Amino acid sequence: MKFNNLNDITSLYKEYQHCITAHKHIQKLKQQVIEIVIAKQFIPMMNDLKWIKLQHAVSSLAFEPPYVLRCITDKDKTCHTCLNEVPNWLGDWSNYYHEGMPPLFMIEWLKVRPQLSQHRGRLIADAIIDETTAFRAILERLRIPYDEEDNIFTIYGCKQTKHTILENTCHPAC
């Protein structure tokens with residue numbers, strides 16, 4: 001996924017919006033996500049345009065960084081540990097209609113490790129390509145909120161509030 005300028009971002013956004021609105025099952029899925037967001041009191045951290053700008057910017061790196069993600073509709077609470085070691089696989093940063101990421105409105109969080117291990121032989125240690133600094137610069141330039149720990153960046157599409165509205169309004173003596 002290579003892009004050259006702002007026109008590429010605009011055309012990708014228009015393409016994404018067309019696909020989201022053209023499919024009725026995606027509209028039903030979006031409504032389901034909205035209901036979950038409201039019920040679980042999620043706070044939106046990203047929007048479609050920010051995700052698309054991130055996809056565009058990632059294409060400028062030496063490789064598309066590997067990632068794991070959790071969707072708002074996921075039932076399991078399993079934390080993915082496959083990024084604990086430097087991955088030897090690439091992430092597919094294209095959109096769902098190109099068999100990449102799910103619809104962007106569904107992403108609860110995305111964990112990215114912008115490092116790549118390349119096998120060089122049985123007797124030689126793998127080469128590590130590290131795009132951590134460049135990836136961090138992208139996030140900061142686009143003003144995308146993230147957490148970073150051990151070269152793993154967590155980008156939140158939505159974040160759950162720590163307290164319910166009633167807990168926040170209730171007097172401490174209650």
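Modeller: Here is the close look, starting with the setting and then moving to the strand itself.

This is a predicted model, where local features need pLDDT of at least 70, side-chain atom pairs count only at pLDDT 80 or more, and totals for chains, interfaces and linings use all residues. Residues are numbered from 1 along each chain as its sequence is written, and side-chain values use heavy atoms, with hydrogens and water left out.

The setting first. The protein has five helices and eight strands. Helices here are DSSP runs of H or I with at least four residues, strands are runs of E with at least two, and both are numbered from the N terminus. In order from the N terminus, the elements read α-α-β-α-β-β-β-β-α-β-β-β-α. Of the 174 residues, 41% are buried. Buried means under 20% relative accessible area, exposed means over 50%, and partly exposed is in between, with a 1.4 Å probe and protein chains only. Contacts mean heavy atoms within 4.5 Å. Among contacts with a separation of 6 or more, 74% join residues 24 or more positions apart.

β7 belongs to an open sheet of four strands, ordered β2-β3-β7-β6 and paired antiparallel. The edges are β2 (67-71) and β6 (146-149), each pairing on one side only. On average, neighbouring strands in this sheet are turned by 15° against each other, direction ignored. Such angles come from axes fitted to C-alpha atoms, for helices over the stretch in contact, and run from 0 to 180 degrees between N-to-C directions.

Now the partners. Strands pair if DSSP finds at least two bridges between them. Tyrosine 146 has isoleucine 155 of β7 as its bridge partner. Phenylalanine 153 in β7 stands opposite glutamate 148. Phenylalanine 153 also stands opposite valine 112. β6 and β7 form a hairpin with two residues between the strands. In that hairpin, aspartate 150 takes a positive phi near 55°.

How well is β7 covered? Five of its five residues are buried. Both faces are covered. Ile152, Thr154 and Tyr156 lie on one side, with Phe153 and Ile155 on the other.

Helix α4 (residues 132-141) lies across β3 (107-112), β6 and β7, at about 20° to β7. Helix α3 (residues 48-58) is mostly covered, with eight of its 11 residues buried. Among those buried residues are Trp51, Ile52, Leu54 and Val58. The buried residues of α3 pack against α1 (6-22), β3, α4 and β7.

Next, the aromatic rings. The structure holds five aromatic pairs. Rings of Phe, Tyr and Trp (its six-membered ring) pair if their centres lie within 6.5 Å; planes under 30 degrees apart count as stacked, over 60 as edge-to-face and the rest as tilted. One of the pairs is tyrosine 67 with tryptophan 93, edge-to-face, at 5.2 Å centre to centre and 70° between the planes. Tyrosine 67 sits in strand β2 and tryptophan 93 in the loop between β2 and β3, so this pair ties together parts 26 residues apart in sequence. Tyrosine 67 is buried, at 12% relative accessible area. Tryptophan 93 is buried as well, at 0%.

The strand of interest takes part in another pair. Phenylalanine 135 is in helix α4 and phenylalanine 153 in strand β7, so the pair links parts of the chain 18 residues apart. Phenylalanine 135 counts as buried because its relative accessibility is 0%. Phenylalanine 153 is also buried, at 0%. Tyr67, Trp93, Phe135, Tyr146 and Phe153 form one aromatic cluster.
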